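Hi everyone, thanks for coming.

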Amino acid sequence: MIFFKDGKIANMDILFCGIILLLAAFLIHFFIWKFRLPKHHTKALLAIFALVYLCNIIVFLIFLAFHSYYDFIQFSLLFVSLTLVYISSYSAVEVDSPSLSMLLIIAEAGPEGLPKEKLYDIMTDAFLVKPRIIDLVNDKILFLDKDKYKVTRKGAVIAKMFILSRSLLKTPKGG
Amino acid sequence: MGFIFGFLNLLIFELYIYLVVIPNRSFTVNLITEIIIYAALSYCYFVFINLGETARRIRILREVFDAPEGLSLEEILRRYNAKEIIERRLQRLLANGQIIIEEDKYYIGKPLMLWMAKIVVAFKFILLGKKSEFD
């Protein structure tokens with residue numbers, strides 16, 4: 001592993017730098033979360049990872065550290081793709097997954113097993129549906145008009161995107 | 001299938017780059033980097049498709065989108081509620097063997113997803129200081 005051979009990033013270092021910078025972004029994210037939990041987790045994560053990426057790209061460009069545009073694109077793709085993996089997986093941490101929650105509840109019941117009615121008693125609309133409606137309102141995807149929820153422009157774009165992808169796959173509404 | 005087909009194309013493309021376009025580059029290191037990028041983007045695509053399949057927010061959004069006059073909370077719950085959410089997931093978990101049913105009671109089957117659930121809870125505790133969003 002050679003770091004900055006002849007003042008340029010060598011092949012192996014694109015992989016090494018990408019992973020190190022991701023770890024650095026993760027550490028920054030961890031310490032910020034410990035210090036002050038942001039209101040909008042996903043936006044905050046995007047901002048942290050984007051800032052780390054931009055700062056390093058500027059440094060690398062100033063020192064002309066890339067051999068070619070291919071190296072720059074490869075490094076960027078590596079960092080951005082792994083960032084997207086982390087951010088898309090983060091929602092499992094932020095929000096309780098019903099499937100995983102059900103497994104934990106069934107596991108807690110132990111050798112006696114869990115009757116279905118007990119599952120319905122624990123996992124109610126207040127647990128499964130209402131918090132998600134609140135999230136949609138907080139994210140400005142839905143808004144409340146008197147006593148009716150309606151879709152914002154942002155929400156309409158997201159809805160159309162998923163309607164299109166589901167229709168291309170010829171699958172019904174999920175949930 | 002799509003992932004495998006794409007992966008084969010990636011290998012062919014990498015060979016072309018190595019043999020024809022930039023022959024001095026290290027093949028192995030580049031291949032590893034490209035595989036990581038490909039796997040990461042494939043995962044993101046899988047997450048996007050899975051969102052349409054299982055995400056509650058997307059379903060709620062679609063129900064409201066389909067009603068131009070809007071929906072009250074009661075109307076939303078009539079179309080999509082805890083009962084449907086539980087039923088869908090029970091079917092999936094039973095189909096994958098993650099849970100089993102005996103004499104109308106549910107038990108853990110294959111423990112893989114249960115371990116994943118515990119890892120997620122541990123990670124949630126480390127990052128957020130709580131085991132559930134409702135704590």
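Let's begin with charge. In chain A, the mean position of the 20 positive charges and that of the 14 negative charges are 10 Å apart. For this count, Lys and Arg are positive and Asp and Glu are negative, while His and the chain ends are not counted. Each charge is placed at NZ of Lys, CZ of Arg, CG of Asp or CD of Glu.

A few ground rules before we go on. This is a predicted model, where local features need pLDDT of at least 70 and side-chain atom pairs count only at pLDDT 80 or more, though totals for chains, interfaces and linings use all residues; side-chain values use heavy atoms, with hydrogens and water left out. Residues are numbered from 1 along each chain as its sequence is written, and chains are lettered from A and ligands numbered from 1 in the order in which they are written.

Now, chain A. How many helices and strands does chain A have? Eight helices and three strands. Helices (H or I, at least four residues) and strands (E, at least two) are DSSP runs, numbered from the N terminus. Reading from that end, the order is α-α-α-α-β-α-α-α-β-β-α. The radius of gyration of chain A is 22 Å, well over the 16 Å that the globule rule gives for 175 residues, so chain A is more spread out than a compact globule. That radius is taken over C-alpha atoms, and the rule is 2.2 Å times the number of residues to the power 0.38. The C-alpha trace of chain A spans about 70 × 45 × 40 Å along its principal axes.

What share of chain A is buried? Of its 175 residues, 43% count as buried. Buried means under 20% relative accessible area, exposed means over 50%, and partly exposed is in between, with a 1.4 Å probe and protein chains only. Chain A exposes about 9700 Å², and carbon and sulfur atoms supply 70% of that. These areas come from the Shrake-Rupley method with a 1.4 Å probe; for residues, only the protein chains shown count as cover.

On to chain B. Chain B has six helices and two strands, in the order α-α-α-α-α-β-β-α from the N terminus. Its radius of gyration is 22 Å, well over the 14 Å from the globule rule for 135 residues, so chain B too is more spread out than a compact globule. Its C-alpha trace spans about 65 × 45 × 35 Å along the principal axes, and 41% of its 135 residues are buried.

Let's compare contacts, meaning heavy atoms within 4.5 Å. Among contacts with a separation of 6 or more, residues 24 or more positions apart account for 49% in chain A. For chain B, that figure is 26%.

Time to zoom in on some residues. Ser132(B) sits in the segment after α6 (112–128) of chain B. Is Ser132(B) buried or exposed? At 14% relative accessibility, Ser132(B) counts as buried. Its side chain makes a polar contact with the side chain of Asp96(A), at 2.6 Å. A polar contact is a pair of N or O atoms within 3.5 Å; within protein, one must be able to donate a hydrogen and the other to accept it, and residues adjacent in sequence count only if both atoms are side-chain atoms. A polar atom of the Ser132(B) side chain also lies 3.1 Å from the backbone nitrogen of Phe134(B).

Next, helix α2 (residues 27–54) of chain B holds Glu34(B), which is buried at 12% relative accessible area. Beyond its neighbours within four places in sequence, Glu34(B) is in contact with Tyr70(A), Gln74(A), Leu10(B) and Glu14(B).

Finally, a backbone detail. Most residues other than glycine have a negative phi. Lys140(A) has a positive phi of about 60°. Lys140(A) is in the loop between α7 (130–138) and β2 (142–145) of chain A, and is exposed, with a relative accessible area of 60%. In chain B, Glu103(B) has a positive phi near 50°. Glu103(B) is in the loop between β1 (99–102) and β2 (105–108), and counts as exposed at 78% relative accessibility.
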